[in-house]
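Me: Got a model here that I'd like to talk through. Can you take my questions as they come?
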Amino acid sequence: MHTVTLIPGDGIGPEITRAVQDIFTAAQVPVQWEEQNAGQTTFDQSGELIPQSLIDSLERTRVALKGPITTPVGKGFRSINVTLRQQFDLYQNVRPACTTEGIASRYSGVNLVLFRENTEGLYSGLEMFDEHHGIGDSIARVSVVGARKICRAAFAYAAKHGRKKVTLAHKANILKVAGKIMLDAAQEAAREFPQIQYEDKIIDNMCMQLVTKPEQFDVIVTTNLFGDILSDLCAGLVGGLGVVAGANIGDDMAIFEAVHGSAPDIAGKGIANPTALLRSALLMLEHLGEKEAMTRIENALNETLKHKEQCTGDLGGSASTQQFAQNVINNLK
Ligand code: NAI
Ligand code: MG
């Protein structure tokens, strides 16, 4: 039995996490949940955005499934996602993007996984404003160790999952220092995994190639800002943010989360689509070594997605969140 920290989150978070829990229960997945919230809901109740009890739980379980969280607007509120990523050194942001029958997309045959460096680069938090001169700096810090870790993680993933190619997206032609560190790190990792093809592409060309011929990509690795942008672009290739999974992974902890937000416009209506969170939960099952349970639920999900009428409104159906979950359960073999 695996103990997993469950962070329901805000807005539609509790509705979609409940759907995932119901599907796991029906599939008899050997997971028990330790529920600990964070975000607007806990802030309203206790004045804390990230309660200590959540941190304690994460330190115990080392694995979490997290619903979307509303970061209160206003000064002094740091993003909870960024805080957790940095505090626990969750340096890999992993985002698979795959076209799926039943989910509308302009493309077919897309099946790629993006590895975004999650703790450094332009999001290192090294920012200053010189009032006297009216100049602002936001520093993109890339460490040799950090670059090596993310590049190696991408190649190791490719090797483990039978993928053929890793593409580094970079801007080393202009960013002679930080860009070069990534280029060197990727080449080093490529030498360690000679069975995996390696190529590098300059980020602007990469964007053009991704929207014209996305089937050519397999595993992509890149720095924080480029990865942030590319990951949403890749979601757009396969049906949008409502259907893609995400994982924040470190050497000894992983937090799995849907990449969409708390959708305040539809919260409480029972119509949110749980697909993105469910797919994130499936990545979690793989991480936990529960491959069989993962495949079984994934097949049931894919079967459900093929039938529009079994799906939620955003996918063209009319099922509620709970009905959708029940349809997945009914499709379990
Ligand atoms: P959003 O992703 O919450 O919503 C954008 C649009 O997509 C809305 O129309 C919403 O109804 C729809 N949508 C999102 N998820 C859906 C789902 N599962 N099923 C059906 N429709 C769905 O983005 P928005 O409005 O910019 O942000 C709302 C709040 O979420 C903000 O407070 C933001 O900070 C937070 N947020 C949190 C994230 C996280 O915790 N990972 C990520 C992005 C935003
Ligand atoms: Mg983003």
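This is a predicted model: local features need pLDDT of at least 70, side-chain atom pairs count only at pLDDT 80 or more; totals for chains, interfaces and linings use all residues.
Me: What stands opposite Leu 6?
Reply: Glu 35 in β2 does. Strands are DSSP runs of E, at least two residues long, and helices are runs of H or I, at least four, both numbered from the N terminus.

Me: How many bridges join β1 to β2?
Reply: Five, and the two strands run parallel. β1 covers residues 2–7. Strands count as paired if DSSP finds at least two bridges between them.

Me: Which helix packs on the sheet there, touching β1, β2 and β3?
Reply: α3, residues 52–61. The direction of α3 makes about 150° with that of β1. Axes are lines fitted to C-alpha atoms, for helices over the stretch in contact, and angles run from 0 to 180 degrees between N-to-C directions. Contact is C-beta atoms, placed from the backbone, within 7 Å.

Me: What's the strand order in the open sheet?
Reply: β2-β1-β3-β12-β11-β4-β5-β10-β8-β9, ten strands with mixed pairing. β2 (31–35) and β9 (197–202) are the edges. Each has a single partner strand, so one side of each lacks a neighbour in the sheet. The twist averages 25° from one strand to the next.

Me: Where does α9 lie?
Reply: Across β3, β11 and β12. α9 (residues 275–287) runs at about 160° to β12.

Me: Domains next. What are the bounds?
Reply: Domain 1 is 1–94 + 241–333, and domain 2 is 106–237. The bounds come from an automatic or database domain assignment. Their centres, over C-alpha atoms, are 25 Å apart.

Me: Now ligand 1. Which residues come nearest?
Reply: Thr 70, His 260, Gly 261, Ala 263 and Asn 273, out of 21 around ligand 1. A residue is near if its C-beta atom, placed from the backbone, lies within 6 Å.

Key: Residues are numbered from 1 along each chain as its sequence is written. Chains are lettered from A and ligands numbered from 1 in the order in which they are written. Two residues are in contact if their C-beta atoms, placed from the backbone, lie within 7 Å.
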